Amino acid sequence: MLVTQQPVLRRFWYALMPISHLDDGPKPFTLLGENLVLWKKTNGEPAALRDRCCHRTARLSKGVVEGDNIVCGYHGWTYDCSGSCVRIPQNPDAAIPAGAKVPSFHCQEKYGYVWVALEDPLRPIPHFPEDGAPGYRRIFQFYEEWKTSPVRVMENSFDNSHFSFVHKANFGILNQPVPQKYELVETDFGFEGETLIPINNPPAGHRVTGATTPTTTRHLTNKYYLPFSRRFGCRYPDSGIDHIIYNCATPISDDRLMLVQWLYRSDTEEQCSAQELIDWDAAITAEDRDILEATDFDTCIDTRRRQEFHMPSDKPGLLIRRMLMDVLTAHGEVEIHAGNSRTVVPIYPEALVKE
């Protein structure tokens, strides 16, 4: 699936960047191929417009914020949060031309991040009940660009069969490749999955797991939120510590995404510091990134095309694909992929044959 070619995907909320990134001025971001400019209003709320002045097409992200408005850095044309031009410095006494505006987009802050929906959203931003709840601390972990597709990231998040191989350097048990099964329940937002997984517990992970035994377990109560968000709801039963990660695989283009990840922990900074937790999860996430960037980003979600073989442990991933396909079908769309698209699909440089 080429995500930029599926109009319905524009009708979901996506986490773009920490709201704090807007403290020093406007910032650009590309969402589903749409170039945006983001800035913070005087009340601290974010705003989003197309990153293109309607005068001479300069990027508004090269401009400055003035009150609640954004000012183009080329000629000073000024736009409000609705995208309407409200000032032309060169013609202060003349009427602003009818239609002098740029498209605006749904934009709000939640969980410390800027969220945007390019068109009227089909459902609200996912509810993360741990945020602000007593006993939990929020830790921002990652905000980095990956060369893969959000479908690959989502299905990998529920893939218990890769632990023994991709994560053998930390928690994966290489001689136990048979994965534990998920108990899956479909919901109105996607699905919930529960499983219990044995893991290695090396000394470097003792403060993370809260246990010192050579092996321990993860009790996972995970959630998938359409289209590209997930909850990794991990409790370490031996210590009772919750280690709950939320990911958003925000699509930049067909072959690139921004991985947004933050963590909720039920312990204290003294028990395990935020930096220890960031470093621990960074090593694991880097292993996922390395292998996912080696896959084909044009993920087949219409499994009738039979582009890949599957095994029983792929059930959560296949459910993700089916649910995405159901969304397309419900909105009169078919899956757009390299085989039926007129769009030129990018090729990674490492795939080119060198002389």
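Ala, Val, Leu, Ile, Met, Phe, Trp, Tyr, Cys and Pro count as nonpolar; Asp, Glu, Lys and Arg count as charged; the others, Gly among them, count as polar.

First, the ground rules. This is a predicted model: local features need pLDDT of at least 70, side-chain atom pairs count only at pLDDT 80 or more, and totals for chains, interfaces and linings use all residues. Residues are numbered from 1 along each chain as its sequence is written, and side-chain values use heavy atoms, with hydrogens and water left out.

Let me start with the second largest pocket. A pocket is found on a 1 Å grid over the protein atoms alone: it is an open set of points where a 1.4 Å probe fits, with protein on both sides within 12 Å along at least five of seven lines, and its lining residues have an atom within 4 Å of a point. Its volume is the space filled by probe spheres set on the points, which are joined across faces, edges and corners. For the second largest pocket, that comes to about 280 Å³. Its lining has 21 residues, and Pro-124, Ile-125, Pro-126, Phe-189 and Tyr-225 lie nearest the centre. By class, that lining has 15 nonpolar, three polar and three charged residues. The strands β1 (14-18), β14 (215-225) and β16 (241-251) each supply at least two of the lining residues. Strands here are DSSP runs of E, at least two residues, and helices are runs of H or I, at least four, numbered from the N terminus.

Stay with Pro-124 for a moment. Pro-124 sits in the loop between β10 (113-117) and β11 (137-146). Buried or exposed? Pro-124 is exposed, with a relative accessible area of 68%. The cut-offs: buried is under 20% relative accessible area, exposed is over 50%, and partly exposed is in between, with a 1.4 Å probe and protein chains only.

Now the largest pocket. About 370 Å³ of space lies in it. There are 20 lining residues, with Arg-152, Glu-155, Asp-159, Asp-314 and Arg-321 nearest the centre. The lining splits into seven nonpolar, seven polar and six charged residues. Which helix gives the largest share? That is α5, with four residues.

So let's look at those helices. Helix α5 covers residues 315-330. Its 16 residues should span 22 Å at 1.5 Å a residue, and its end C-alpha atoms are 22 Å apart, which agrees. The expected span is 1.5 Å times one less than the number of residues. Among the buried residues of α5 are Pro-316, Leu-319, Arg-321 and Leu-328. Their cover includes α1 (150-157), β12 (183-186), β13 (190-200) and β14. After α5 comes Gly-332, with a positive phi near 70°.

Helix α1 is next. Eight of its eight residues are buried, so α1 is largely enclosed by the rest of the structure. Arg-152 and Glu-155 are among those buried residues. Both also lie among the residues nearest the centre of the largest pocket.

Helix α4 has 19 residues and reaches 26 Å from first C-alpha to last, close to the 27 Å expected. Its buried residues include Leu-277, Trp-280, Ile-284 and Asp-288. Arg-289 is also in α4. At 27% relative accessibility, Arg-289 counts as partly exposed. Beyond four places in sequence, Arg-289 touches Glu-144, Glu-145 and Trp-146. Contact means heavy atoms within 4.5 Å.

On to the core. A nonpolar core is a set of buried Ala, Val, Leu, Ile, Met, Phe, Trp, Tyr and Cys residues joined through side-chain atoms within 4.5 Å. The largest one has 78 residues, and Trp-115, Val-116, Phe-228 and Trp-262 have the most contacts inside it. A second, separate core has 15 residues, including Val-37, Ala-47, Cys-53 and Cys-85.

Last, some backbone points. Leu-226 and Pro-227 are joined by a cis peptide bond, with omega about -5°. Pro-227 is in the loop between β14 and β15 (229-236). Leu-32 lies between β2 (27-31) and β3 (34-40), and at 6% relative accessibility it counts as buried. Arg-306 lies in the loop between α4 and α5, and at 74% it counts as exposed.
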